[in-house]
Amino acid sequence: MTTTHEPASDPATRQDAPCTQETAPKQETAGAQEAAVPQEAAGAQKTKTGQETKAGRETKPGPEEGTGPEEEATAASGQEAVSARVRQLAEAVGPTTLATALLIYFGYVATRARFDYFGISLDLTGLSNQSLLLDGLEVVYVPAALICLGALLVIGVHAAVSRQLARRPGDPVNTFLAAGITLVGLLLVGRAVIGIFLGDASTSVVIGTTPLALASGPATVAYGIHIHGKNRGRPLMSPRLARNGVLSVLGLAVAGLFWASTTVAWAYGTGRGEQDARELPKRAEVILDVKEPLQDVPVGITHIRLKTTGKDPSFAHRYRGFRLLLASGGRLFLVNPEWKLGRDQTIVVPYDNGIRVQLISQP
């Protein structure tokens with residue numbers, strides 16, 4: 001009888017086998033859990049990102065809400081660009097050069113009007129630029145004072161309007177205020193246009209009415225439009241159009257003020273001529289000795305024949321009663337003390353060795 005012996009199994013082996021089978025499921029479970037953790041984290045992160053994106057979409061301002069600040073920023077940049085251009089122009093011209101040129105110009109206009117009252121062309125006088133500059137200093141006081149007073153008035157009006165807009169934004173009263181200011185500006189523009197194209201005695205009663213209307217009218221219209229846009233909370237026109245409008249308004253204001261200053265200078269010169277005519281009797285008397293007799297001697301001038309001698313036979317005629325109006329350019333401009341516009345003339349004689357002059361002061 002054959003007996004088959006089965007090898008005895010190792011207890012440790014029998015024990016390890018089930019452990020190995022149990023360990024494998026545990027490792028797979030742990031791996032699945034570890035893999036699930038990043039996926040859950042990623043999912044949570046995606047969910048959070050989606051919520052933030054959704055919240056961002058909900059809080060993003062719409063086109064109408066974001067238009068105001070963007071346009072205001074663009075308008076501010078446009079204003080800065082205009083200021084920069086004006087500053088560059090002022091730096092290029094130079095304040096001293098500009099002031100000197102303006103003084104010479106106003107002095108030229110006033111002096112021309114002053115002697116034009118006596119029928120004297122300014123080209124005959126030969127006055128230097130220094131003389132015109134000094135005359136311009138006398139003229140510039142009135143325009144400068146008027147401009148400063150106008151600036152104070154504008155500042156006061158702007159402060160009052162700004163306070164009204166700040167206290168009651170969106171109030172219908174502000175709309176009527178803007179409309180009223182715009183209407184005043186349009187009336188001034190109309191007055192300027194009438195004065196430019198239909199200028200005569202009936203439309204130019206007051207000195208400087210047309211140029212002042214030209215300077216203030218467009219600026220008033222632009223200010224009314226600005227107030228209306230500010231009351232609405234957004235401008236009425238694009239930044240580029242507003243910038244071009246501001247430049248045009250500044251150009252018209254400068255042209256109008258320059259024109260008005262020229263008118264004032266001419267009126268000032270004419271007034272100086274009238275004052276000179278009134279004060280002629282108080283000026284020193286001019287005794288004029290000449291070789292040849294003068295023709296068409298004015299009223300009030302006395303002619304005396306001088307006795308000639310062998311030593312000085314040239315000065316044979318003496319004229320008394322003249323008043324000196326101007327001595328310039330090698331010439332003497334003489335008038336009678338009772339000079340009247342349209343009646344008397346101005347005598348011009350060369351100031352050289354051919355004449356002899358004496359001055360007698362008046363009490």
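**Note on the helix packing of a predicted model**

1. The protein exposes about 24,000 Å², of which carbon and sulfur atoms supply 60%, the areas being computed by the Shrake-Rupley method with a 1.4 Å probe, and for residues only the protein chains shown count as cover. This is a predicted model, in which local features need pLDDT of at least 70 and side-chain atom pairs count only at pLDDT 80 or more, while totals for chains, interfaces and linings use all residues. Residues are numbered from 1 along each chain as its sequence is written, and side-chain values use heavy atoms, with hydrogens and water left out.

2. The secondary structure comes to eight helices and six strands, where helices (H or I, at least four residues) and strands (E, at least two) are DSSP runs numbered from the N terminus. Read from the N terminus on, the elements run α-α-α-α-α-α-α-α-β-β-β-β-β-β. Of the 363 residues of the protein, 26% count as buried, a term that means under 20% relative accessible area, against over 50% for exposed and partly exposed in between (1.4 Å probe, protein chains only). Among the contacts with a separation of 6 or more, 71% come from residues 24 or more positions apart, contact meaning heavy atoms within 4.5 Å.

3. Helix α5 (residues 129–167) and helix α8 (residues 239–278) have axes that come within 9 Å and cross at roughly 130°, which makes α5 oblique to α8. Axes here are lines fitted to C-alpha atoms, for helices over the stretch in contact, and angles run from 0 to 180 degrees between N-to-C directions; those under 35 degrees count as roughly parallel, over 145 as roughly antiparallel, 65 to 115 as roughly perpendicular and the rest as oblique. From α5, Glu138, Val139, Val142 and Pro143 meet Ser261, Val264, Ala265, Tyr268 and Arg272 of α8. By class, this contact of α5 with α8 has six nonpolar, one polar and two charged residues, with Ala, Val, Leu, Ile, Met, Phe, Trp, Tyr, Cys and Pro counted as nonpolar, Asp, Glu, Lys and Arg as charged, and the others, Gly among them, as polar.

4. The crossing of α5 and α6 is left-handed. Here Val161, Gln164 and Leu165 in α5 meet Val173, Asn174, Leu177 and Ile181 in α6, and the residues of this contact divide into five nonpolar, two polar and no charged.

5. α6 also packs with helix α7 (residues 209–232), at an angle of about 155° and with the axes 7 Å apart, so that α6 and α7 are roughly antiparallel to each other. α6 passes α7 in a left-handed crossing, and their contact has 15 nonpolar, 13 polar and one charged residues.

6. Two individual positions deserve a look. Thr182 lies in helix α6 and is buried, with a relative accessible area of 18%; leaving aside residues up to four places away in sequence, Thr182 touches Val221, Gly224 and Ile225. Gly208, found in the loop between α6 and α7, is buried at a relative accessible area of 8%. Gly208 and Gly256 are 48 residues apart in sequence, yet 9.1 Å apart in space, C-alpha to C-alpha.

Key:
A crossing is left-handed if the near helix is turned anticlockwise from the far one by less than a right angle, and right-handed if clockwise.
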